[in-house]
Amino acid sequence: MVSQMVWVSIVLPFLAAIGCLIDSKPLRSILVVGTGVAVSLASLLLVQGQAFSLNPETIFGIPADGLIAVLDFALLFVILGISYQLKNKLIAVLTVLQIIPLAFLELFLHGAENTAPSIYGDQLSMIMSLIISIIGSLICIYGLSYMEEHEHHLHVEKSRQGRFFFFMVLFLGAMNGLVFANNLLWLYFFWEVTTLCSFMLIKHDGTDIAVANATRALWMNMLGGVAFILGLVILRAKGLPLALQELISTPGVASLALLPVGLLCFAGFTKSAQVPFQSWLCGAMVAPTPVSALLHSSTMVKAGVYLVIRLAPAFAGTLFSHYVALFGAFTFLTTALLAISQSNGKKILAYSTISNLGMIIACAGINTPAAMAAAILLIVFHAISKGLMFLCVGTIEQRIGSRDIEDMRGLIRIMPRTAMIAVIGMVTMFLPPFGALLSKWMAVEASARLPLVVLMLAIGSAFTMVFWGRWLGLVMTSVMGEAQEPEEQSPLVRVPLVILAAAAIVVSFVAPGLYSAMVLPVLERFYSTDLYIAAQGVFINNIGMFAVFPIFLVMVLGVAWAARASSGKRVHQRAYSTPYVAGLQDPANPQRIGFKGPLGQWANFTTSNYYMDAWIGEGRISGWINLISSGILIILLTGVL
Amino acid sequence: MDIKSIIFVILALIFAPVAGGFLAGIDRRLTAWCQGRFGPPILQPFYDVFKLLGKDRQVVNTWQIFCAHIYLISSMLSLALFAMQSDLLMIFFVMTIGAVFMVIGALSTPSPYSQIGAQRELIQMLTYEPLLVIVFVGIYFVTGSFKISDIVAYDRPIFLILPLLYLVLTFALTIKLRKSPFDISACHHGHQEIVRGVLTEYSGPYLAILEIAHWYDIVLILAICSLFWTTSAIGMFFLLAITYLAEIVIDNITPRLTWKWMLTYVWAVGITLSLFNMALLYAKSF
């Protein structure tokens, strides 16, 4: 049963992806929705069971390890071909730097016989698979309607949706493979598949800027790939097993393997777009919104943090671990600062994504049970809320024609439903009692013994509050007028939005249960003290407590009370007035707020957020951030040599 | 949760606004005395709030009403959590809900005054939030816990160990009290510039709700200050009294300044003081 479910989650998307290439809209819709339902069900069924390991000897009658090796080479040669097409020497060099070590590893280095199972799934893999399969599928389904509109808007002659959904669906399979792989060579294969898919998806629109940004994403991820394969070669050369679980759970291995583990973490940093590699993720925002949503909420970037979290027990208690914490906290702080300087909605989401990933990396570096719990929970909650936010911005952009948050003023009157869903997305990103804040609380308490880290987390979390808070307020900016018209939407858009919004709230509410059932078993394998206990909806450990259920209960009652007090029944229509502008309204139309200028010309009042561009503009501080983070990264890597 | 703590929570929720109102009344009298005026009766803040509650409702949109109510709820909830002696950092985050909704309420109206006020209020929050977290971490360093029940049980006054961090806390208190030099987002005195900033668009019962919520907040911050001297009631009283008097003096002798100055000054001084205090702690432990 388990093996069938794993099969469905990994291989089915690969097969369905090929089907998507056929240019037939109904077939494609059926394939995308069907695959989404199938992998979601498979991941839900897997969660019912215990941790498992599988060792498939053959795939379609071909020896499995050999097949993966052949596919690995095929993939690398495809990327080499792309580099030729792009005339990009850097990517070519980085690809060759992977082909040679891989060939060396496969042909000449025969370490200890690899007896470890190729596939292993514990609760961490299952959580990841749930996120990938359910949120990822919802995003793909949303994409069906979005791409229709997108191509219509761009006046594309010949539909390129086949190719688009080929890579989208392939991505789901690759990610599922990545989180269930135990054999590091298998993991490497899926890792490179996600790199290739992300390149193809980012450059999908084919504009100059899309190609340029996709190229940057490719070389940065290929750099990570080089570190990955070098790590594997060193592992094999030292006679260590090329298997994740054996690497982290065999006593004594960890101290020998610090260098390869460090290299693997470096690969994770590039994939998770940590500073100084943040530019590929920001550049990826040129892609159609479903791509941004898929890459930056539930898949791709989560692969990087997943690997670092997986490896964390192997470097617990080392100096390397402290530097990882520092590095992650630095990313968290600086990208949250950059988010304040942005008015482009997708850029804000991008920087906030990197910021959250930085916090996850910081937690992996802090490496205490509380921090690891925070890291795993944050992966879940961030995926849901951020996926939702990306889809909301995409929907809003298709309606108002802009992704600038200043243009979203008063959105609540234009798109009341989508705006409310976006409000849920934002609130669940940064306010209690929702999960993202719960994880942040855990992270801050866990980092309290590391002064520099806790300082950066404290300041960074205040930045976070600024850019979410003002965006939330802008959406609401309105003067009461005629009744609002609920906007029309295709169910392919509405359903994913509503499901994700509901999930953002419900999953936060069941966070204590989720922790006990899914996170605690993973942590108990490696840590025995200071674990959080989640009893009766309250998280408690020896230094702190977070009362999820009580706060939820009071806030639900409070929201109901506030909604009742502000409802149409309680507030008479007479009570509505226009804002105070020192009597400068247009006397004929008091809703029009502005003043008569010198020549009797009417001028509207305009206000805008403080973006502090002169202080913290992207161009101004990115260089410094890259410099400092490169410094930390170099110290971090020389430390493991 | 036992009966005792339930009673304690109820008492806190009833008496906090009373204490907050009295404090505001005394504050106004003392400020008037400083400025050579007679000042209003001590009970004036209560008269004001009762009068506001009876006024006609007037708002620009429904979100203002919604946000005012959420602000009140979150302030009451954070005080209740304090009375239950739960986690300091959690209480802080719950308090943030109210502060954020206050900003949203102000941003929800297109009035330039309340918009600018809201932006400044965000900067104020940005200024004090990291400092509060640092103070809590400092308390954790000394007592080994974020739970108020454990902090109260600590057998020495924390003030004697963390005097500089207490100063950092008073920065946050000054900002929360909306006192000079940090009264940039909703000050009476800045009316020519931003009317009343974040509060401009609020009137009548909704302004009263914000005022009551504000009293809860002040009591909560003072309660956090009181954690610095938990060993004796007299010590606690004097610590709070001196702190509040100092706030009034500072309010009267300093001018209102810009947000840029506030942010850089408070962070620079606050973080330096915190690090210095931490260094002292480390030095002592050797």
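A residue is called buried here if 20 or more other C-beta atoms lie within 10 Å of its own, exposed if 12 or fewer do, and partly exposed in between, with C-beta atoms placed from the backbone. By that criterion A:Pro432 is buried, because 28 other C-beta atoms lie within 10 Å. The model is a predicted one, in which local features need pLDDT of at least 70 and side-chain atom pairs count only at pLDDT 80 or more, while totals for chains, interfaces and linings use all residues. Residues are numbered from 1 along each chain as its sequence is written, and chains are lettered from A and ligands numbered from 1 in the order in which they are written.

Chain A contains 26 helices and nine strands, where helices (H or I, at least four residues) and strands (E, at least two) are DSSP runs numbered from the N terminus. Its radius of gyration is 25 Å, close to the 26 Å that the globule rule gives for 641 residues, so chain A is as compact as a globular protein of that length. The radius is taken over C-alpha atoms, and the globule rule is 2.2 Å times the number of residues to the power 0.38. Along the principal axes, the C-alpha atoms of chain A fill a box of roughly 85 × 60 × 50 Å. Of its 641 residues, 56% count as buried. Two residues are in contact if their C-beta atoms, placed from the backbone, lie within 7 Å. Among the contacts in chain A with a separation of 6 or more, 79% are between residues 24 or more positions apart.

Chain B has 12 helices and zero strands. The radius of gyration of chain B is 19 Å, close to the 19 Å given by the globule rule for 286 residues, so this chain too is as compact as a globular protein of its length. Its C-alpha trace spans about 60 × 45 × 40 Å along the principal axes, and 54% of the 286 residues of chain B count as buried. Of the contacts in chain B between residues at least 6 apart in sequence, 76% join residues at least 24 apart.

The chains meet through 52 residues of chain A and 52 residues of chain B. On the side of chain A that touches chain B, the elements giving two or more residues are α20 (435-446), α21 (451-476), β7 (545-547) and α24 (548-565). Of these, α21(A) gives the most, with 14 residues. That side of chain A divides into 39 nonpolar, 11 polar and two charged residues; Ala, Val, Leu, Ile, Met, Phe, Trp, Tyr, Cys and Pro count as nonpolar, Asp, Glu, Lys and Arg as charged, and the others, Gly among them, as polar.

A:Pro432 gives a local view of this meeting of chains. This proline lies in the loop between α19 and α20 of chain A. Neighbours within four places in sequence aside, A:Pro432 is in contact with A:Leu437 and A:Ile551, and also with B:Phe93, B:Val94 and B:Ile97. A:Ile551 is 119 residues away along the chain, yet the two C-alpha atoms are separated by 8.0 Å.

The interior comes next. A nonpolar core is a set of buried Ala, Val, Leu, Ile, Met, Phe, Trp, Tyr and Cys residues joined through C-beta atoms within 7 Å. In the largest such core, of 332 residues, A:Val169 and A:Cys363 touch the most other members. Helix α17(A) supplies the largest share of this core, 21 residues. Apart from it lies another core of five residues, including B:Tyr113 and B:Ile116.

Helix α22 (residues 491-509) of chain A has 19 residues, and at 1.5 Å a residue it should span 27 Å; its end C-alpha atoms are 26 Å apart, which agrees. The expected span is 1.5 Å times one less than the number of residues. The buried residues of α22(A) include A:Val493, A:Pro496 and A:Leu497, and the buried residues of this helix pack against α5 (123-154), α17 (369-400), α19 (416-430), α20 and α23 (511-524) of chain A. In α23(A), a kink of about 35 degrees lies at A:Met518, shortly before the proline A:Pro521; the bend is the angle between axes fitted to the seven residues ending at a residue and the seven starting there.
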